[in-house]
Amino acid sequence: MKVTVDIDCTPEEARRFMGLPDLSSVHEAYLEKMRKAIGEGLTPDLMSEMMKSWAPMSEAGLTMWAQMLGQAGGKK
């Protein structure tokens, strides 16, 4: 037996139903920071810091990705 249930709701309604937190204020703060960074111009230092914060395990994760991509590209 197969039962299919279709639920028609917005992402906001689904978030509330599942009990997930409302992160819209965090999202807006992040977007404002990105707009400011782009407006002032991206520097290599800023890009490096952003990439480190996005990578899992910060700098260790970034090093792991660099090594993996280097090996995939044939660099040793």
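Visitor: Which class does T63 fall into: buried, partly exposed or exposed?
Guide: This is a predicted model, in which local features need pLDDT of at least 70 and side-chain atom pairs count only at pLDDT 80 or more, while totals for chains, interfaces and linings use all residues. Residues are numbered from 1 along each chain as its sequence is written, and side-chain values use heavy atoms, without hydrogens or water. Buried means under 20% relative accessible area and exposed over 50%, with partly exposed in between (1.4 Å probe, protein chains only). T63 has 40% relative accessibility, so T63 counts as partly exposed.

Visitor: Which helix holds T63?
Guide: Helices are DSSP runs of H or I of at least four residues, strands are runs of E of at least two, and both are numbered from the N terminus. The protein chain has 4 helices and 0 strands, in the order α-α-α-α. T63 belongs to the helix of residues 58–72, α4.

Visitor: How far is the C-alpha atom of T63 from that of K52?
Guide: Along the chain, T63 and K52 are 11 residues apart. Between their C-alpha atoms the separation is 9.4 Å.

Visitor: Which residues does the salt-bridge network link?
Guide: A salt bridge is a side-chain nitrogen of Lys or Arg within 4 Å of a carboxyl oxygen of Asp or Glu. E12 pairs with R15 at 2.6 Å, N to O, and with R16 at 3.0 Å. R16 and E12 are about one helical turn apart because they are 4 residues apart in helix α1. The network joins E12, R15 and R16.

Visitor: Is R15 buried or exposed?
Guide: E12 is partly exposed at 32% relative accessible area, and R16 is exposed at 60%. R15 has 16% relative accessibility, so R15 counts as buried.

Visitor: What are the closest N and O atoms of R35 and E32 apart?
Guide: R35 and E32 lie 3 residues apart in helix α2, so about one helical turn separates them. Their salt bridge has its closest N and O atoms apart by 3.9 Å.

Visitor: Which residue follows α2?
Guide: The residue after α2 has a positive phi, near 100°. That residue is G41.
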